[in-house]
There are 2 protein chains.
Amino acid sequence: MPIGVFDSGIGGLTVAREIMRQMPNEKIVYFGDTARVPYGSKSRETVARYSRQIVRFLLERKVKAIAIACNTASAYALPEIERECPVPVIGVIRPGARTACECTKNGRIGVIATRATVSSGSYTEFIHQIMPGAQVFAQACPLLVPLVEEGLWEDPVTDEITRRYLASLLHHGIDTLIMGCTHYPLIRKTIGRAAGETISLINPAYETAMELRSMLADLNLLSDHRPALGQGVPQYRFYVSDMAEQFQQFANSIIKYGILASEKIDIHTYSSAPLSKEEKG
Amino acid sequence: MPIGVFDSGIGGLTVAREIMRQMPNEKIVYFGDTARVPYGSKSRETVARYSRQIVRFLLERKVKAIAIACNTASAYALPEIERECPVPVIGVIRPGARTACECTKNGRIGVIATRATVSSGSYTEFIHQIMPGAQVFAQACPLLVPLVEEGLWEDPVTDEITRRYLASLLHHGIDTLIMGCTHYPLIRKTIGRAAGETISLINPAYETAMELRSMLADLNLLSDHRPALGQGVPQYRFYVSDMAEQFQQFANSIIKYGILASEKIDIHTYSSAPLSKEEKG
């Protein structure tokens, strides 16, 4: 049975990529909500509704666990999905928060993320659960996703915008910085330059794959051999709600496993109501 | 009866503003699809489906005419909506194309727009209907909307990005430039600086309001006196599909009429099927 991974669009591919690297025996079903991207500027209610529709789709695909590879959806929908879902669920925020707490020496942690993730206060909340005395400084960076999607990964404009966003965090003396949006690891070098050498950069995608691996191992759900793949049965399946071709192009620039096809799904036909008992199985 | 105006989000407010200026006696019902913004990176099919849902909502509000104040929706959905809709409909592309043809001296017209509007080829098509010999050069500018929405209207970064986008158009010797996205008039000065003094800038929002006015006059649908407004009956009503508060803030920075409230609508509950005969009747 595959692992389900979902995101508002393409950013979650950085999480899928880490799962592929760390668990090469696993199958993956990825869903990118490209018709309704971005989630980062939407309300909690809307993001929760969309997330439930996607979880229904993934359950229909018989996934054994779900990784919410979107910081905004993790911030806004994880508690409900965790409560309602019949398979284990992991978000990207808790693993990122945990690692930041392990890394920081001065207890001053910075978070860069979308507007919605920052508004949710989720990183601060999780960090305080682990390290009540930590000081958390969060900065919304709405331009970074469009800059990444425009391909300006190494560009003076992206450097300039990143420097502006980080200025106040650096002023607060942070020693650890969480890249709290799945797009950001793609401009890790730019963020590293703007942050300076002394600051630890945390990539929640990496930490989430690690934590998912140990969760699956605990539940005895890890696959211990490469999946037997017949003709036309790919190890990795990609679904989107719109613009399948453009998705594929971008995906192939991030993931080096050769994404042969992605399929368009009418996600709006799935119910957004809380999962009922029958669905829970 | 009010005029219905809709857009994928806030950009269409520049069209609503022109209608307010040019037709101060008219009531307006505005819908911004802030839950599903942006349309500029979505497919024709998705944009048409969303547009039909919004038209249904506006018809329920008893509008006497509809202005599609979104270039992408005008490019992708106008023909169907025009055919199916029981009230007159206007898009922003035809008026912009017409004015560009009137303005150009050398027949070389530039268009800057979202990726979807450029892909649709709509501006080129309309311009060629009017001026078959014109040469049209279109450039997708995906970063301009996020830069406008981030408030960087006067900023060296926006100058730099705009200069890059315009470089190839200027190289082609255009003398007229259509601002083919409703956000762009908000950075008209930046675009003007990058284009240079000799190039005519066309604002389709202005031209659309002009054409709507003459269309309503021809149909004897123009209101000839200020609407009688009782307590709680505003001349302008604003509806959104998400983030009503944020919309209002932005709207008030664009429109100087004091937008007192905007209401959230569950647009996904409206059917996206073609309008049936009963609805037309």
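Reader: How many bridges join strand 5 of chain A to strand 6 of chain A?
Author: This is a predicted model. In it, strand 5 of chain A and strand 6 (residues 135–140) of chain A run parallel. A:Arg108 stands opposite A:Gln135 in strand 6 of chain A. The number of bridges that join the two strands is 6.

Reader: How many of the 6 residues of strand 5 of chain A are buried?
Author: A residue is buried if 20 or more other C-beta atoms lie within 10 Å of its own. Strand 5 (residues 108–113) of chain A is largely enclosed by the rest of the structure, because the buried residues among its 6 number 5.

Reader: Are helix 4 and helix 6 of chain A roughly parallel, roughly perpendicular or oblique to each other?
Author: Helix 4 (residues 93–103) of chain A packs against helix 6 (residues 122–130) of chain A with the axes 9 Å apart. The angle is about 50 degrees. Angles under 35 degrees count as roughly parallel and 65 to 115 as roughly perpendicular, so the two helices of chain A are oblique.

Reader: How many charged residues has the contact of helix 4 of chain A with helix 6 of chain A?
Author: The crossing of these two helices of chain A is right-handed. Helix 4 of chain A contributes A:Ile93, A:Arg94, A:Ala97, A:Arg98, A:Ala100 and A:Cys101, while helix 6 of chain A contributes A:Ser122, A:Tyr123, A:Phe126, A:Ile127 and A:Ile130. By class, 8 residues of the contact are nonpolar and 1 is polar, and the number of charged residues is 2.

Reader: Is A:Pro132 buried or exposed?
Author: A:Pro132 is placed in the loop between helix 6 and strand 6 of chain A. In space, A:Pro132 is 34 Å from A:Ile10, C-alpha to C-alpha, and the two are 122 residues apart in sequence. The cut-off for an exposed residue is 12 or fewer C-beta neighbours. A:Pro132 has 7 inside 10 Å and therefore counts as exposed.

Reader: Which residue does a cis peptide bond join to A:Val37?
Author: Most peptide bonds are trans. Here omega is about -5 degrees, and the bond is cis.

Reader: What is omega for the cis peptide bond that joins B:Val37 and B:Pro38?
Author: B:Pro38 lies in the loop between strand 2 (28–32) and helix 2 (44–60) of chain B. The peptide bond that joins B:Val37 to B:Pro38 is cis, with omega about 0 degrees.

Reader: What is phi of A:Met243?
Author: Most residues other than glycine have a negative phi. A:Met243 is in the loop between strand 9 (236–240) and helix 11 (244–254) of chain A. It is buried, with 24 other C-beta atoms within 10 Å. The phi of A:Met243 is positive, near 55 degrees.

Reader: Is B:Met243 buried or exposed?
Author: B:Met243 is not a glycine, but has a positive phi of about 55 degrees. Its place is the loop between strand 9 (236–240) and helix 11 (244–254) of chain B. A residue needs 20 or more C-beta neighbours to be buried. B:Met243 has 24 inside 10 Å and therefore counts as buried.

Reader: Which are the edge strands of the open sheet of chain B?
Author: In chain B, 6 strands form an open sheet with parallel pairing, in the order 4-3-1-2-9-10. An edge strand pairs on one side only, which holds for strand 4 (89–91) and strand 10 (262–264) of chain B.

Reader: Which strands of chain B does helix 11 of chain B touch?
Author: Neighbouring strands of this sheet are turned against each other by 20 degrees on average, direction ignored. Helix 11 of chain B packs on the sheet, and its direction makes about 155 degrees with that of strand 10 of chain B. The strands of chain B that helix 11 touches are strand 2, strand 9 and strand 10.

Reader: Which residue stands opposite B:Ala67 in strand 4 of chain B?
Author: Strand 3 (residues 65–68) of chain B runs parallel to strand 4 of chain B, and 3 bridges join them. Opposite B:Ala67 stands B:Ile90.

Reader: Which helix of chain A gives the most to the side that touches chain B?
Author: The contact between the chains involves 16 residues of chain A and 16 residues of chain B. With 3 residues, the element that gives the most to the chain A side is helix 8 (residues 156–171) of chain A.

Notes. Residues are numbered from 1 along each chain as its sequence is written. Chains are lettered from A and ligands numbered from 1 in the order in which they are written. This is a predicted model: local features need pLDDT of at least 70, side-chain atom pairs count only at pLDDT 80 or more; totals for chains, interfaces and linings use all residues. Two residues are in contact if their C-beta atoms, placed from the backbone, lie within 7 Å. Helices (H or I, at least four residues) and strands (E, at least two) are DSSP runs, numbered from the N terminus. Two strands pair if DSSP finds at least two bridges between them. Axes are lines fitted to C-alpha atoms, for helices over the stretch in contact, and angles run from 0 to 180 degrees between N-to-C directions. Angles under 35 degrees count as roughly parallel, over 145 as roughly antiparallel, 65 to 115 as roughly perpendicular and the rest as oblique. A crossing is left-handed if the near helix is turned anticlockwise from the far one by less than a right angle, and right-handed if clockwise. Ala, Val, Leu, Ile, Met, Phe, Trp, Tyr, Cys and Pro count as nonpolar, Asp, Glu, Lys and Arg as charged, and the others, Gly among them, as polar.
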